[in-house]
Amino acid sequence: MKITVRRSGGFAGLTREWTVFVDSSSADSSEWMPLLSRLPWDDRPRLEPTPDRYVWIVRVSRRRITLPESRLEGPWRELVERVQARAD
């Protein structure tokens with residue numbers, strides 16, 4: 001399963017992207033799957049423009065959500081931090 005996190009915006013307006021691949025047979029899949037099952041895909045926040053703040057786009061397989069920085073919390077934040085740590 002491909003998981004991609006893209007961050008854009010901020011003061012410089014730069015875009016950065018991190019990608020990981022999680023295989024259900026891999027040793028760490030037992031850590032990823034519970035987190036992925038907790039993602040609130042149906043709770044889509046309203047995206048209002050906020051100058052100099054980041055916007056996050058999270059893709060997990062075919063699902064995609066756009067989150068303003070202010071709504072990057074709970075399992076979304078946990079996922080983003082985990083993807084960043086593993087991809088770097």
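1. Where is the place of serine 29? Serine 29 sits in helix H1. Note that this is a predicted model. Serine 29 is buried, with a relative accessible area of 10%. Leaving aside residues up to four places away in sequence, Ser29 touches Val22, Asp23, Ser24 and Pro34.

2. Helix H1 covers residues 29-37, and its buried residues are Ser29, Trp32, Leu35 and Leu36. Viewed down the axis of H1, these buried residues fall within an arc of 135°, so they line one face of the helix. The face turned away from the buried side carries the exposed residues Ser30, Glu31 and Ser37.

3. What covers the buried residues of H1? The cover includes strands S1 (2-9), S2 (16-21) and S3 (54-60), along with helix H2 (74-87).

4. The largest nonpolar core has 20 residues. Among these, Ile3, Val58, Val60, Trp76, Leu79 and Val83 touch the most other members. S1, S2, H1, S3, strand S4 (63-68) and H2 each supply at least two residues of the core. H2 gives the most, with four residues. In soluble globular proteins, nonpolar side chains tend to be buried together.

5. Valine 83 deserves a look. Not counting residues up to four places away in sequence, Val83 touches Ile3, Val5, Trp18, Thr19, Val20 and Trp32.

6. Threonine 4 lies in strand S1. Is threonine 4 buried or exposed? Thr4 is buried, with a relative accessible area of 6%. A polar contact of 3.3 Å joins the side chains of Thr4 and Thr19. Beyond four places in sequence, Thr4 touches Glu17, Trp18, Thr19, Ile57, Val58 and Arg59.

7. How many salt bridges are there? The count comes to seven. One of them pairs glutamate 78 with arginine 38, the closest N and O atoms being 3.0 Å apart. Glu78 lies in helix H2 and Arg38 in the loop between H1 and S3, so the pair ties together parts that are 40 residues apart in sequence. Glu78 is partly exposed, at 31% relative accessible area. Arg38 is partly exposed too, at 45%. Arg38, Glu78 and Arg82 are linked in a network of salt bridges.

8. Glutamate 69 forms a salt bridge with arginine 53, with the closest N and O atoms 2.8 Å apart. This pair links distant parts of the chain: Glu69 is in the loop between S4 and H2, Arg53 in the loop between H1 and S3, 16 residues apart. Glu69 is partly exposed, at 24% relative accessible area. Arg53 counts as partly exposed, at 39%.

Note on methods
Residues numbered from 1 in each chain as written. Predicted model: local features only at pLDDT ≥ 70, side-chain atom pairs only at ≥ 80, totals over all residues. Heavy atoms only, no water. Buried < 20%, exposed > 50% of the residue type's maximum accessible area, 1.4 Å probe, protein only. Arc of directions from axis to C-beta. Contact = heavy atoms within 4.5 Å. Core = buried A, V, L, I, M, F, W, Y, C linked by side-chain atoms within 4.5 Å. Polar contact = N/O pair within 3.5 Å; in protein donor to acceptor, adjacent residues only side chain to side chain. Salt bridge = Lys/Arg side-chain N within 4 Å of Asp/Glu carboxyl O.
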